[in-house]
Structures are given as C-alpha cells and as structure tokens.
Amino acid sequence: MSLSGQGLTPRLKPLSARKSAILSVLDIGTSKVVCVVAELKPVDEIESLRGRTHVARILGIGHQRSAGLKGGVIVDLEAAEGAIRQAVHAAERMAKVEIQSVIVNLTGGRLSSEHFDAHVNVRGAVGPGDVHRVLDTASSQDLRQGRAVLHALPTGFSLDAQNHIVDPDGMIGERLGVDLHVVSSEAAAARNLMLAVERCHLGIEAVIATPYAAGLSALVDDEADMGCAVVDMGGGTTSVGIFANGHLVHTDAIAVGGHHVTMDIARGLTTRVSAAERLKTLYGSAIASSADDRDMIAVPQVDEDERDVPNHLPKSHLVRIIRPRVEEVLELVRDRLKNAGFAAQAGRRVVLTGGASQLVGLPETARRILQGQVRVGRPLGIKGLPEAAKGPAFSAVVGLLVYPQVAHIEYFEPRSSGLFQGTGTDGYISRVGRWIRESF
C-alpha cells in the first residue's frame, strides 16, 4: 500500500510563531498517565534550543497510575479509559479550563522507521511547486500492510551532485532529490490508543512517537546536529530515537522496561510487586559496591495469613537480580542500533530519559555496554513544572508541548484524500463520517 493511501493518525496544524496558544497533551505510558495543560508564548530564539519558537508555561498537570496497558499497548480499554479520565480531570481542575482535544504519544505497536527517496527534474530555479512535487513522489512509495504513519520527515534535499541541502527553494539545478524518513506503528495499536482517548470525549490533534517527543524535550541543538541516540526507558517499553544533522533519522522500540525489573525482584525475593517497586526505588542499583554484602534490607514476605513478615537480606541479593535485566535491555538497544546501521550516526553520544533511567548506576552500565558518552536527559526550556515533574520521567510529555513548534517540517498532502492530510478541527467530523460509512 502506498504512503498516500495509508490510514494516518491526525495531523497537527503548525503553530504560528507569533501567536500564543493553550495546548493540552497526554502521555499514556505503561506505568503512568500524565496530562498537562500549558500556555505557549512566542519568544526570541533560545541559544541552546534554536528550533523552539515558544516558551511553555504549565497551567495544570495531572498524573495517575496507568491501567489497561502492557508494553505500551492497550490491553484493557475500560481500565485505560478510567486512568486517562482521572489524569485529565486533575489537570482540568488545576488549570481551570475544559480540555477539548489533546496531543498524545505512542510507544508500543512496534515502532519502526523506513526511508524513501525520490528525484524529479526541475527547470532553472527550484520553486515551492518543485519541492512539493518531489515530496509527493517520495510519499507515493509502498509501506508495509497494516501500518499507520506517525511522522513523515524530510531529512535532507539534494540538487544535482550536492547533498545535505536544508532548503532548496530558489537554488538552481536540474535534478532535485529528497530523503523522507517515515515513522510508523501497527495500525491496530494506534487505533486502540486513539479509541481510548476518544471514549473520554476528547479530540486528538496528533499522535507522536515517544522517542521523537523525548528527543525534542531533552536534547540541545548541538547534540541533535552532531548525532545522538535518545533512549527512553519507560515502565513497559524502551524506545530509541537517533538524531543526526538536526533531524530524527531512526526509531525503534523494545517491549522491555522498568516494570520487568520490578517483576524480577518480586519473583526473586518472593515479595509483592508493590514492595518490589519500593525496594527498586530505594535501594536498587545496576552496579555492585563493596558495601552491598554488609548493607541489609528488609524484604516484606507474604505468609499464609497474608501478614507481612520482614525478611532481612544483604543488598547484594537485590543488585544481582537487577543487573542482568538492565544489561539485557542495554544490549538489545546496542544490537538494534548496530543492525539498523545507525550506531555510527549516533556519534557515540547517548541520552537516557524515562522513569527507568533514574536507577542508580544505570549511566555507568550504559557507558560500558553502549561504549559512548552517556548522560541522563531532563525536560529543557519549560516554566512552571512542579519539582516532582522535573525529572527524566517527564521528558516525553514536555516533548509533546515542543512538537507543535516543529510540526511544520513534516510533509502531508493538502488534498482532502490520501494519507498526509491535515485534519485540524474537522478531525472529529471526518471520523464520524467514516464510522457512518463503515457501519451502514
């Protein structure tokens, strides 16, 4: 099926660089659901974040323990709907506004990247029509069946023998080419995520790949230009986004995350999942230390009468359970990057984000396995975030606020038919029309 005929998630209308706007975003993860209402105000260029035209100020935030998701995919629609409603309601009360529509993220559904290129002949100076024609040609190529396109990003133009052209408009040449990076997910995963949001009587402005959102939030321009891998470590999934020359050039996701470490602890120490999560947060580490055998931790055991009986064990037991799982995740990330051919483009720079990246010793383990410079990425360039939301666990949701400022670089067809169409405010009506056609 060609890109032009592929069912696409809604496209966001670009945000005017001179206008303020109030936006609502929704981060639906395996471990938590976060809803944020923010005001975006135009701002002069920020030195380290040149791509941003606005500064975001938080008006309301609501977060809730997630339910009904596994590995980033909806497995219980009613439970997921309930968690979304609670998070949205909390954000509405704090911001004192009623949320009509949201920008959401997608992590599950086997995120993947495909690259398409196309060339067209031009006469003299390149005009906007030529640029549209070459993008149209690139989008007419085939995509795998059952996939939904999330992003279509031109990563660079070429003119005759010259490559890496940012904007060919007005330049002179004979043959114009483009490289188009298409990020897609399983159509069923995207549809069910959208359905869970729509059941809360909310419109959907756009669906964003989580590693793209995390990169927009946590990277400074220099990192995106020189090449960097963003590894978003969530509860149920670990997703990867590669940035080079200022563009997202590759995405991937693995259905293993922080919750798997918690389950390993619960099984290994024979304790409840809630107790295992607490032990991981308070005492967990990915690297061993000399004091681990001396430091004792209280592990609540559940006896036959379901009364908590603490059992004291050395901390080294906990580290021995956590370490293999963390190494497995990082080795999977390393192998995925190597197989995709993007290990070199990452420039040996790795930024870890997501709630699971807060584990003690994780950056050191990542340096050893991924063999690069590693730092933990936090949300950048945002005002009014509560102290608890300034950590790496909130990178993706802040990235959703940045996305409207860069949405104009994506390509979609202006025609009413086809894949890349702007739905804007008519998205709800078009969905109702589609439902009527399919039902009757």
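Tutor: In this predicted model, helices H6 and H7 are roughly perpendicular to each other. Helix H6 covers residues 258-268 and helix H7 covers residues 273-283. Their axes lie 8 Å apart, and the two helices pack at an angle of about 110°. That angle falls in the range of 65 to 115 degrees, which counts as roughly perpendicular. The crossing of H6 and H7 is right-handed.

The residues that make this contact can be named on both sides. From H6 come Gly258, His259, Val261, Thr262, Met263, Ile265 and Ala266. From H7, the residues they meet are Val273, Ala276, Glu277 and Lys280. Sorted by class, the contact of H6 with H7 holds six nonpolar residues, three polar ones and two charged ones.

A second pair of helices may be described in the same terms. The axes of H4 and H10 come within 7 Å and cross at roughly 85°. H4 and H10 are therefore roughly perpendicular to each other. On the H4 side, the contact is made by Thr210, Tyr212, Ala213, Ala214, Leu216, Ser217 and Ala218. On the H10 side, it is made by Ser395, Ala396, Val398, Gly399, Leu400, Val402, Tyr403 and Val406.

Helix H4 itself is mostly covered, for nine of its nine residues are buried. These buried residues are Thr210, Pro211, Tyr212, Ala213, Ala214, Gly215, Leu216, Ser217 and Ala218.

By the rule of ring centres within 6.5 Å, the count comes to two aromatic pairs. In one of them, the rings of Tyr212 and Tyr403 have their centres 6.1 Å apart and their planes at 80°, so the pair is edge-to-face. This pair links distant parts of the chain: Tyr212 belongs to helix H4 (residues 210-218) and Tyr403 to helix H10 (residues 395-406), 191 residues apart. Tyr212 and Tyr403 are both buried. Together with Phe243, they form one aromatic cluster.

Thr237 is found in the loop between strand S12 (228-233) and strand S13 (238-244). Its relative accessibility is 7%, so Thr237 counts as buried. Apart from neighbours within four places in sequence, Thr237 is in contact with Gly71, Gly72, Thr107, Asp232, Ile254, Ala255, Val256 and Gly257. Ser290 lies in the loop between H7 and strand S15 (296-302). Because its relative accessibility is 66%, Ser290 counts as exposed.

The chain has eleven helices and 19 strands. Of its 440 residues, 54% are buried. Among contacts with a separation of 6 or more, 71% are between residues 24 or more positions apart.

Definitions and conventions
Residues are numbered from 1 along each chain as its sequence is written. This is a predicted model: local features need pLDDT of at least 70, side-chain atom pairs count only at pLDDT 80 or more; totals for chains, interfaces and linings use all residues. Side-chain values use heavy atoms; hydrogens and water are left out. Axes are lines fitted to C-alpha atoms, for helices over the stretch in contact, and angles run from 0 to 180 degrees between N-to-C directions. Helices (H or I, at least four residues) and strands (E, at least two) are DSSP runs, numbered from the N terminus. Angles under 35 degrees count as roughly parallel, over 145 as roughly antiparallel, 65 to 115 as roughly perpendicular and the rest as oblique. A crossing is left-handed if the near helix is turned anticlockwise from the far one by less than a right angle, and right-handed if clockwise. Contact means heavy atoms within 4.5 Å. Ala, Val, Leu, Ile, Met, Phe, Trp, Tyr, Cys and Pro count as nonpolar, Asp, Glu, Lys and Arg as charged, and the others, Gly among them, as polar. Rings of Phe, Tyr and Trp (its six-membered ring) pair if their centres lie within 6.5 Å; planes under 30 degrees apart count as stacked, over 60 as edge-to-face and the rest as tilted. Buried means under 20% relative accessible area, exposed over 50%, partly exposed in between (1.4 Å probe, protein chains only).
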